[in-house]
Amino acid sequence: MICTSVQNGNYSQILEILSDPGVEMAEIRLDRCPLSEEEISDLFANSDTPLIATCRIAEAGQSRAQRLLRLAIEAGARYVDLEIDAPVNVSKSIQKAANSCGVELIRSYHNFDLTPSDEVLQMALARCFRYGADVAKIVTACNTEEDCARLQSLYSVILEGIDSMEGRLIAFGMGDPGRRSRIECLKRGAPFTYASISGEECTAPGQMTFGRMSELVYGARKPYSGRGLRMPASKSFAQRAIIAAALAEGTSHLRGYTPCADSESAIRVAEAIGAKITRGEGSLTIRGAGPVENALEIERLHTGESGLLTRLMIPLMSVLNGNDVTIDGEGTLLRRPLTGAAEIMAAFGVIVKEPSVPLKVRGRLIPGTAEISGQSGSQLISGLLMALPLCTRSSTIFVSEPKSIPYMYITLDVLRHFGVHTRTEMEGDAEMLEMQDWSCCSGITFNIRGGQRYRAADFDIEGDWSAAANLMVAGAVFGSVEIEGLDMKSLQADITVTDILVDAGACVSQLEDSSCVCVRKAPLRAFEADLNHAPDLFPIIAVLAAFCSGESRICGVERLSGKESDRADAILEMLGKMGVEASVEGDTMRICGESLSSRILCGRLLKGGKYSSRHDHRMVMALKVAGLGADAPIEIDDEACVGKSFPGFNGLL
């Protein structure tokens, strides 16, 4: 990335600079910009552009520099740059403030006269990290090409406790001989480099203008920009709400509905069990069938290609139907195993034959107490949570080793809106209780009262975080995106994409008094993520990892085999063909990434060409986003399958 150095600009001039969509990030020289303390706070608090706060002690004085840097840190600076020779009391104060506010600390060494020996350079580098640097910055006056070579050799230095300099070192030279090193550092893994607004505004000899450096780094490539995007309805909420409304007495109104293949399948199932549905603009009016226990005589029920809908209807049909029923489907669903279904349903007296659709459901759902494994996911458990309240007696389910926990609570939330209530209790260690971290949950008990009835309701369907995740990654890697209509307090598991993006270094914000979520490109670093509870994110998070400097680790591989494709295999095949090093060890996928600028400069963009989506909508979206960073167009054999969840996606990239 390119950081634009800003000096001598007043508040309005700086805002004008930051409003330029081409400006990726900016360094604000607080010692040279005539800003009041109030203006500094406003600037760093309200900018979506990643900002570096810099204040040279020699120019501002010790007390003022310390005060202004702390002000910027507390307001929300992304980085703070402090000279390595700063007084100890200032150093400790700024380091403590940066750590407490989550601001990355740059410790910088400058030599404006010459490039010292290798030994001196390495000592300076070690000092930067010894005194708290998240990023070390080494800048010297270069008089020869040999000076530049000594600077660049710092990227291969091994320091105790530092695995790699990639993403943690910015080393370049001043002066004409050092000019090229300002770009060369990006090739070697520097998170960003520096440019000036114009030739007159150079902060150091040899500094290029942003326009010139952008040409040299990006060439004709244009940043991705998505504005005013609105996501489709969450099919996780939509499918559950459609079925709940179909079971209710009276007329329900679902607002915010957008059609996709899976939700349309839920509508057909709702009509099959007796509901009457009228479509409006962005809405569904559903007159429910009311209590129909044992009253239906459906011999064959078609659930389209939806694994969720299939698993919801297995328990529900064993309550609603008066005879055995065959559940059928289409497309990839015919090949996907329904792991654990037979064992779980047997605990409630229901026989499920065949490991995949079409399958026959035999017997009546018997309420009671059972312990079942959650290793196979949440969908069949959600079906039980919807069906057991209709039985005459109460039930208790203990789910051991639960996966995709948020989806169970989506089910409970929808049921609550439609008048059905269930008590739950989560088990786990002290960390889970303190942090409310689902990954630490070892079991969940559901106490389900029998004899309940669904009641009609008006229900607003949330925007889909699963769909949004793909565009958010596109913004984080390739430019910026603004997405409207997302609930930042959502129960959807895939809202965790915001945490992953922040951990990776992207800028994620929400406009004040708005449901608009903004994601902006920033220096990206390797991350660790556990997707056991959000497996649908895996393809797009793998693409994100390919553009993050270093080795990222993503857990949850074992959750991927029963999806529309064997996603672990599909992701490894995709990354391997693109030239990205990736491997699987147990439940973890390791991906070696590299920044976009480094890939461009080193000729290591992702490989274009022909790819297979394996008829998996999540793979199509991941491939489309990856195509923004490819050296040639990516051709996908089946793009139409994206209509399963997001029919309009292909037109957004």
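This is a predicted model: local features need pLDDT of at least 70, side-chain atom pairs count only at pLDDT 80 or more; totals for chains, interfaces and linings use all residues.
Let's start with the helices. Two packed helices are described by the angle between their axes and the distance between the axes. Here the pair is H10, residues 235–247, and H12, residues 307–320. Their axes come within 11 Å. They cross at roughly 15°. Angles under 35 degrees count as roughly parallel, so H10 is roughly parallel to H12. The crossing of H10 past H12 is right-handed.

Which residues make the contact? On H10, they are Lys235, Ser236, Gln239, Arg240, Ile243 and Leu247. On H12, they are Leu308, Leu309, Leu312, Met313, Leu316 and Leu320. Sort the contact of H10 with H12 by class and you get eight nonpolar, two polar and two charged residues.

Next, the open sheet. It has four strands, in the order S17-S18-S20-S19. The pairing is mixed. Which strands stand at the edges? Strand S17, 369–373, and strand S19, 422–428. Each has a single partner strand, so one side of each is left without a neighbour in the sheet. From one strand to the next, the twist averages 15°.

Look at S19 and its partner S20, residues 441–448. They pair in the antiparallel sense, over seven bridges.

Helix H14, residues 379–387, touches S17, S20 and strand S18, which is 395–400. The direction of H14 makes about 20° with that of S20. Helix H15, residues 405–417, touches S18, S19 and S20. The direction of H15 also makes about 20° with that of S20.

Last stop: strand S28, residues 588–593. Buried or exposed? Five of its six residues are buried, so S28 is largely enclosed by the rest of the structure. The cut-off for buried is under 20% relative accessible area.

What does S28 pair with? One partner is strand S26, residues 550–555, antiparallel over six bridges. In that pairing, Ile554 stands opposite Met589 in S28. Another partner is strand S27, residues 582–585. Four bridges join S27 to S28, and the two run antiparallel. There, Ser583 stands opposite Arg590 in S28.

S27 and S28 form a hairpin with two residues between the strands. Which residue takes a positive phi in that hairpin? Gly586, near 65°.

That's the tour. Questions are welcome.

Technical notes: Residues are numbered from 1 along each chain as its sequence is written. Side-chain values use heavy atoms; hydrogens and water are left out. Axes are lines fitted to C-alpha atoms, for helices over the stretch in contact, and angles run from 0 to 180 degrees between N-to-C directions. Angles under 35 degrees count as roughly parallel, over 145 as roughly antiparallel, 65 to 115 as roughly perpendicular and the rest as oblique. A crossing is left-handed if the near helix is turned anticlockwise from the far one by less than a right angle, and right-handed if clockwise. Contact means heavy atoms within 4.5 Å. Ala, Val, Leu, Ile, Met, Phe, Trp, Tyr, Cys and Pro count as nonpolar, Asp, Glu, Lys and Arg as charged, and the others, Gly among them, as polar. Two strands pair if DSSP finds at least two bridges between them. Buried means under 20% relative accessible area, exposed over 50%, partly exposed in between (1.4 Å probe, protein chains only).
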